[in-house]
Each structure stands twice: as C-alpha cells, then as structure tokens.
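Please look through the structure shown below before reading the notes, and keep it in view while you go from topic to topic.

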Amino acid sequence: MSFVPLSESAYDRRRLRQWTRGSARTSGIDRRDLMKLVAAASAAVPLGLAAGPAGAVPAAVAAGIVKPLPPELFTIRGTNAETNFASLRGTGLHTPADRFFVRNHTVTPRIEAADWRLGVWGSGLTGPGVHFTCDDLRALPAVTRTAFVECAGNGRSFYTTQQGQQVSGTAWTLGAIGVARWRGARLGDVLRRAGISPGAVDVLPRGLDDEVVSGGINLGRVRRPLPVAKALDDVLLAYEMNGEPLPPDHGHPVRLIVPNWVGISSIKWVGDIEVSAEPLYTPWNTDMYRLFGAGHPAGGSAPLTRQGLKSAFELAAGAILPVHREVELTGRSWSGGAPVRKVEISTDGGRYWCPARLRDTPRRGSWVRWSAGWVPRRRGPAVLLARATDATGRTQSEVAVHNTQGYLFDAVVRHPVTVD
Ligand SMILES: Nc1nc2c(c(=O)[nH]1)N[C@H]1C(S)=C(S)[C@@H](COP(=O)(O)O)O[C@H]1N2
Ligand SMILES: [Mo]
C-alpha cells in the first residue's frame with residue numbers, strides 16, 4: 001500500500017488558485033451567494049458557542065434522528081448526537097451502531113432500499129450516464145474495511161474552553177468520531193462502469209436528505225466534490241456497517257466512506273454522483289470546511305482533506321476517582337495522516353508523562369485502544385492528559401492553531417477529574 005495515495009497538497013493548491021481567480025463553476029448555488037457565505041465564514045461569527053461540555057443543552061430527543069439517544073450514550077447537540085466517550089469503555093475496536101455519533105445537517109430521511117437508485121452523470125463521462133440499484137451494487141466485488149468517520153469540527157469546543165477563542169459551529173467535545181467495519185462496492189468500479197473519461201477532474205456525490213437553508217440562503221442538498229484521484233483510490237459506496245445493513249441515521253441504504261478525510265466527504269443517503277470535466281464548487285468546499293483566520297492564508301486555506309491527530313479518555317469529564325486505589329485509565333487515539341505509534345499519559349497536568357499500553361496494532365484510518373494504570377495519591381482536582389505520536393513522528397501539540405470555524409482541533413485535551 002502506498003503511504004500517501006495522491007498528492008493532496010498539490011490538489012489543494014491548484015483548487016485554491018482556481019477558486020480565487022473565479023474560474024470555477026459553482027454547482028447548484030449562485031456564485032454571489034457563495035461569495036457572501038465565504039465572506040461571513042472568514043469573520044468569526046460565533047453561533048453561541050460560549051460553553052463546552054457543561055453548556056450542552058440536555059434534551060430527550062434530537063430533532064430528526066431515528067435511533068434512541070439515551071443520555072448514557074449520547075450528548076445531543078441540535079440535530080446531532082455526540083458519542084459519550086465513557087460509553088466506549090469495554091467495547092471493541094468498532095463502535096457499536098447504537099452509540100455511533102450522528103451528524104445531520106437536517107433530518108434523517110427514510111429511504112427504502114428497493115426504491116433507491118444511484119444516478120451517475122455529467123461532463124466527465126464518455127456516455128449519457130447510468131443508474132445503479134442496490135442489487136447492481138451488491139453484484140460488484142465487495143470490499144470490507146475498517147475506517148473512522150470523524151467530523152472536521154470534532155474537538156471544536158476546546159478552542160473556547162481551553163484556548164479562550166471564539167469559533168462557530170456545533171460545540172463537540174471529542175465524541176464526533178466512530179470507527180466501523182464498512183462493506184460495499186468500490187466507487188472506482190462504479191465510476192468505471194459508468195464510463196468515466198480521462199478528462200474527469202471532480203466527482204460530486206449528493207445526499208437525498210432535505211436541502212439545507214442557512215442564513216436565509218438555500219444551499220441545496222449536502223454535496224462536496226472529491227478529486228478524481230481520491231474517488232478512484234480507496235472510496236467505498238457502503239451498504240453495510242458492522243455486518244448489518246446501514247442504519248437509517250448513518251446513510252441507509254448507501255453512503256460514501258472516504259477513508260481518513262473529513263467526515264463531510266462521506267456523504268450519506270447518496271442519490272446521485274456528478275462526474276465533471278471541470279472543477280466544482282459548493283458551499284461545502286468553499287465557505288465551509290476550509291480554515292479562515294490569522295494563522296491561515298488570506299482568503300482561506302485550501303479545502304480540508306485529511307483529519308488530524310487526537311486522543312480521548314473513555315471517561316466522563318469531571319469523573320470522580322477513589323484515592324489510593326489503582327484505576328485503569330483507558331482511551332483511544334487516531335489520526336488521518338499515519339498510524340498512531342505511541343501514546344503517553346500524564347496525571348499531573350503535563351509535568352510527568354508515561355507510556356500507555358497499546359491494545360491494537362496501529363493502523364492508518366482507524367484508532368488504537370490504550371490503557372495505563374494509575375493510583376491517585378492526593379485528594380482534590382486533577383488533570384489527565386493523553387498525547388499521541390504518529391508514524392511520521394508528529395506529536396499532539398499544546399495549542400491548536402485557531403480558525404474561525406473551529407475545525408481540526410489537534411492539541412492535547414485537558415481532562416478534569418476529582419480524586420476523592
Ligand atoms: N447527505 C448527508 N451526508 C452527510 C451529512 C449530512 O448531513 N447529509 N453530514 C456529514 C458530516 S458533516 C459528517 S461528520 C458525517 C457524519 O456521519 P454519521 O452521522 O454517520 O456519523 O456525515 C457526513 N455526510
Ligand atoms: Mo462533520
């Protein structure tokens with residue numbers, strides 16, 4: 001397996017030049033509306049993200065999610081549900097579907113597999129376009145792989161609670177990630193059957209969920225272009241999650257799985273795929289999912305591709321631990337860049353670090369479970385830290401570089417507990 005499957009940074013730079021020159025076609029949205037959104041994104045427009053974990057509004061149901069959301073398993077955030085990391089303790093490598101986080105721009109649609117069709121069309125095909133049914137997909141060679149889906153905004157609330165910075169968007173802590181075993185057809189096989197031409201540059205999958213309206217502008221259906229090189233590399237059209245048909249909230253009957261990339265790439269309830277001979281622009285690769293702010297290029301970064309490096313304890317924030325008794329601290333670390341090679345733990349706020357025991361073989365695109373024993377000696381508040389290093393030698397930093405929309409928080413997270 002090649003380590004870096006395509007030149008993501010070259011793609012990013014080319015994309016950014018095209019966008020700023022204005023030589024880009026926008027898909028399904030007026031170019032002036034899109035420019036307004038981009039201007040708004042580059043100024044911090046906080047959406048009431050004042051508090052982090054403690055500020056989450058308790059609710060019995062999140063609008064539009066089908067599966068049960070018991071408070072032990074989830075924290076509800078608007079139309080989304082965050083996995084409580086403590087509920088992963090004792091579970092396997094794969095996140096059970098009953099506790100896998102849900103990120104919905106609107107509401108979960110109910111789609112019967114028998115009624116579902118996937119249209120593949122556009123200027124990047126040699127022919128007029130093709131439809132696929134579920135049976136057609138299942139007739140193609142099936143691929144099974146373990147991959148995380150992680151929201152680009154996972155960890156966003158720590159920009160505010162840990163760094164005192166304003167950001168806009170859903171106030172996730174670290175639970176906007178799940179790892180599952182996905183089974184499906186290769187997107188590459190589907191595109192080849194549809195007659196992809198050598199001139200194709202972008203592949204735009206679009207969801208069947210409702211159109212998204214934001215700030216009075218109809219953004220259309222959720223859609224984000226993928227470069228052809230990624231689409232033909234390791235992307236799946238998945239119809240199974242952990243050995244079962246996809247649940248409604250996770251894209252039934254078929255979703256994309258785009259390994260290592262920001263969660264928005266993995267379009268759920270995919271209904272059609274445009275294959276284009278020219279670059280495509282939608283709100284999801286121009287206004288959203290780019291980095292704006294002082295530490296980033298003027299006018300914004302290139303569209304985000306890979307997720308960063310993170311670690312989380314399988315423990316509630318503010319947990320109470322008994323003094324003088326050994327506890328087994330457990331957690332998980334992951335990266336979109338390279339396998340996690342090492343995890344270190346500090347129980348004294350970062351002065352002394354000791355290695356955690358890795359419980360899984362490190363793999364790119366998944367997480368490793370780890371554990372470390374600790375005997376708390378002093379009563380009172382304490383801060384636990386977990387810090388991962390990946391196979392390229394990159395280690396989680398103390399501070400994440402701020403961006404107005406709070407994406408890709410990759411610093412070490414301070415986990416408060418009380419010893420009693
Ligand atoms: N059609 C559609 N696809 C979508 C979304 C959506 O709202 N609609 N949300 C995206 C985002 S932002 C993320 S992080 C992942 C979340 O996947 P999950 O809900 O299965 O955890 O789905 C992505 N795919
Ligand atoms: Mo996301």
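The briefing that follows moves from the whole chain to a ligand and then to single residues.

This is a predicted model, in which local features need pLDDT of at least 70 and side-chain atom pairs count only at pLDDT 80 or more, while totals for chains, interfaces and linings use all residues. Residues are numbered from 1 along each chain as its sequence is written, chains are lettered from A and ligands numbered from 1 in the order in which they are written, and side-chain values use heavy atoms, with hydrogens and water left out.

**The whole chain**

- The protein chain holds six helices and 25 strands, where helices (H or I, at least four residues) and strands (E, at least two) are DSSP runs numbered from the N terminus.
- Of the 420 residues in the protein chain, 57% are buried; buried means under 20% relative accessible area, exposed over 50%, and partly exposed in between, using a 1.4 Å probe and protein chains only.
- Among contacts in the protein chain with a separation of 6 or more, 73% link residues 24 or more positions apart, a contact being heavy atoms within 4.5 Å.
- The protein chain exposes about 17200 Å², and carbon and sulfur atoms supply 53% of that area; accessible areas come from the Shrake-Rupley method with a 1.4 Å probe, and for residues only the protein chains shown count as cover.

**Ligand 1**

- There are 20 residues around ligand 1, and those that come nearest are Phe 101, Asp 209, His 250, Arg 255 and Lys 268; a residue is near a molecule if one of its heavy atoms lies within 4 Å of it.
- A nitrogen atom of ligand 1 is 2.6 Å from an N or O atom in the side chain of Asp 209, and an oxygen atom of ligand 1 is 2.8 Å from an N or O atom in the side chain of His 105.
- Taken alone, ligand 1 exposes 530 Å², and the protein buries 100% of that area.

**Ser 335**

- Ser 335 belongs to strand β19, which covers residues 327–335, and Ser 335 is buried, with a relative accessible area of 1%.
- The side chain of Ser 335 reaches two backbone nitrogens, that of Gly 337 at 2.9 Å and that of Ala 338 at 3.4 Å.
- Leaving aside neighbours within four places in sequence, Ser 335 is in contact with several residues, including Phe 148, Asn 260 and Asp 390.

**Leu 125**

- Leu 125 is placed in the loop between β4 (118–121) and β5 (130–132), and Leu 125 is buried, with a relative accessible area of 8%.
- Although Leu 125 and Arg 192 are 67 residues apart in sequence, their C-alpha atoms are 9.2 Å apart in space.
- Once neighbours within four places in sequence are left aside, the contacts of Leu 125 include Val 120, Ala 194 and Val 275.

**Backbone details**

- Most residues other than glycine have a negative phi, and most peptide bonds are trans.
- The peptide bond from His 252 to Pro 253 is cis, with omega near 5 degrees, and Pro 253 lies in the loop between β13 (244–245) and β14 (255–257).
- Tyr 289, which is not a glycine, has a positive phi of about 60 degrees; Tyr 289 sits in the loop between β16 (280–281) and β17 (309–313) and counts as buried at 5% relative accessibility.
- Leu 408 has a positive phi near 50 degrees, and its place is in the loop between β24 (380–390) and β25 (415–419).

Definitions and conventions: Polar contact = N/O pair within 3.5 Å; in protein donor to acceptor, adjacent residues only side chain to side chain.
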